[in-house]
Amino acid sequence: MATNTINLGSSSIDVSSIVTNLSNNKRAATDKALAVLTTTNKTQISAVGNFTASLTNLQTAIKSLADGSVFKAHKTTVSETTVLSAVAEPDARSNTYTIVVDKLAAAQKTTSAAFPGSKEAVGTGALTIAIGDKSMILDIKPPANTLENIRDLINKAPGNPGVTASIVTGTDGAHLTLTSTSTGKQNAFTVAASGDPALTQLAFDPATDSATVVAQDAEFTIDNTKASSPSNTVASAIDGVTLTLTKAGTSTVVIQNDTSAVAAALTSLVTAYNQFVSQYQTLTKYDPNNKQVGALIGDATVTSIKSQMTALLGSQSTGSSKGPRSLSDLGIAFQLGGTLKFDNTKLTKALATSPAETQELLSGSQSVAGKLDKLITGWTSSSGILSQRSANLNARTKDIAKKTADFEVTMKTFSDRITKQYTALDTMMTKLGSTSSYLQQQFDALSKK
């Protein structure tokens, strides 16, 4: 008798693999799209940031031109640097001065009579130390009445009018030395003592007593004009010039406009502009050989900015026809590729023959540098087009992150749903497999009868 076999088998569904494959297939296109959006946005943020940085670097390079400070730079020459030094401020004027230093300002110094030692008592009473209308009174009483104690009292006194104390010990004994902290006659001091006769040995009156160093003002002449100063640093004798006197003697001071500062500023302009052009070309290029496209290629904003800058730097002013009217008249010219080059020869000539016109062309609100500074501020300020562009790109970053998070929630829901469905299918198939085995057993039993 032939045997008939029924074998439905048992379930062997790999739910995990099925869910993973279905999820991967469902999310592949969206993952790719989000990845492209993320990369593109990051590239745009970096590109706009680099482009903006090249503009702000250029603005920094032209600052001294735009505000005119470069034309206030001076070169100071001193014939005898051992006699004095000189520093010219921006408001100084070109000139030559012959300065004769007769005396240097000095700070008063006094030395007391000798005492047996610095740690021995020198008397009791009161010491009054005064400079002009400022004074302090020290109460000298035991046991703090040695030279060391008096020294410390003077140096630590909160009302000290401007005197320092020290002790000098020689073969004859210990001396209290007092020195004014400032030079000049007006800073001479007096010391009055009352009490024990020993303490009066510290008294001093410059009108009657001999000082170790007499307080005096600096005395000098500037082009035969007599002058004096309580300090050896003199800022009020010559407009815009600070003199530092160091010894008696004669020296010539020459103040000149520093034309090299203008040349350095124009060199900085050219360098910064060329770096900007290089950045612009990198961000907007197309390389057909390597199929590379600049992050800002075809961008109307950056193209407009580049065009406006090129037009301004190549423009002619409407100023005096006697002086330079364009940057090319000062030696700055465009080269092939859009960069600039600088020839200092033309600038030197312009500064020598037309200094005022040259300054007018380069400095001030209506100058080339002034207008360029204003343009860059308009583009890069917090309300400028480039700042707004960066803000929009950063907002897009948040939007992409939200889309990514939302998509992950969607995929989690999808994964949970199909996991549940295939798990139910697996359970059902397992039950069918069990029923199939039972029926097979019954069939086999009947066949044997």
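Student: Which residues of strand β13 are on the covered face, and which are on the uncovered one?
Tutor: This is a predicted model. In it, Val 241, Leu 243 and Leu 245 make up the covered face of β13, whereas Thr 242 and Thr 244 lie on the uncovered face.

Student: Which strands pair with β13?
Tutor: Strand β2, residues 84–88, pairs with β13 in the antiparallel sense over five bridges. Strand β12, residues 233–238, is also antiparallel to β13, with three bridges.

Student: How many residues lie between β12 and β13 in their hairpin?
Tutor: Two residues separate them, and Gly 240 in the turn has a positive phi of about 75°.

Student: Let me change topic. Which residues touch the most other members of the largest nonpolar core?
Tutor: Phe 51, Leu 55 and Met 309 do, in a core of 46 residues. Several helices give two or more residues to this core, including α1 (15–61), α5 (300–313) and α9 (385–448). Helix α4 contributes the most, with 13 residues.

Student: What does Met 309 touch?
Tutor: Leaving out residues up to four places away in sequence, Met 309 touches Leu 55, Leu 58, Tyr 273, Phe 276, Leu 372 and Trp 379.

Student: On to charges, then. How many salt bridges does the structure hold?
Tutor: It holds ten salt bridges. One of them joins the side chains of Arg 27 and Glu 408, at 2.4 Å from N to O. This pair links distant parts of the chain, with Arg 27 in helix α1 and Glu 408 in helix α9, 381 residues apart.

Student: Is Arg 27 buried or exposed?
Tutor: Arg 27 is buried because its relative accessible area is 17%, and the cut-off for buried is under 20%. Glu 408, by contrast, is partly exposed at 37%.

Student: What else is Arg 27 in contact with, besides Glu 408?
Tutor: Setting aside neighbours within four places in sequence, Arg 27 also contacts Phe 407 and Met 411.

Student: And where do Lys 403 and Asp 399 lie?
Tutor: Both are in helix α9, four residues apart, which is about one turn of the helix. Lys 403 is partly exposed, with a relative accessible area of 43%, and Asp 399 is partly exposed at 37%.

Student: What about Lys 141 and Asp 139: buried or exposed?
Tutor: Both are exposed. They form a salt bridge, with 3.8 Å between the closest N and O atoms.

Student: Last topic: which residues form the nonpolar patch on the surface?
Tutor: Leu 425, Met 428, Met 429 and Leu 432 form a patch with about 320 Å² of accessible area together. Met 428 belongs to helix α9 and is partly exposed, at 44% relative accessible area.

Terms used:
Residues are numbered from 1 along each chain as its sequence is written. This is a predicted model: local features need pLDDT of at least 70, side-chain atom pairs count only at pLDDT 80 or more; totals for chains, interfaces and linings use all residues. Side-chain values use heavy atoms; hydrogens and water are left out. A nonpolar core is a set of buried Ala, Val, Leu, Ile, Met, Phe, Trp, Tyr and Cys residues joined through side-chain atoms within 4.5 Å. Buried means under 20% relative accessible area, exposed over 50%, partly exposed in between (1.4 Å probe, protein chains only). Contact means heavy atoms within 4.5 Å. Patches are made of residues with over 30% relative accessible area and no salt bridge: like charges are joined within 9 Å, nonpolar side chains (Val, Leu, Ile, Met, Phe, Trp, Tyr) within 5 Å. Accessible areas come from the Shrake-Rupley method with a 1.4 Å probe; for residues, only the protein chains shown count as cover. A salt bridge is a side-chain nitrogen of Lys or Arg within 4 Å of a carboxyl oxygen of Asp or Glu. Two strands pair if DSSP finds at least two bridges between them.
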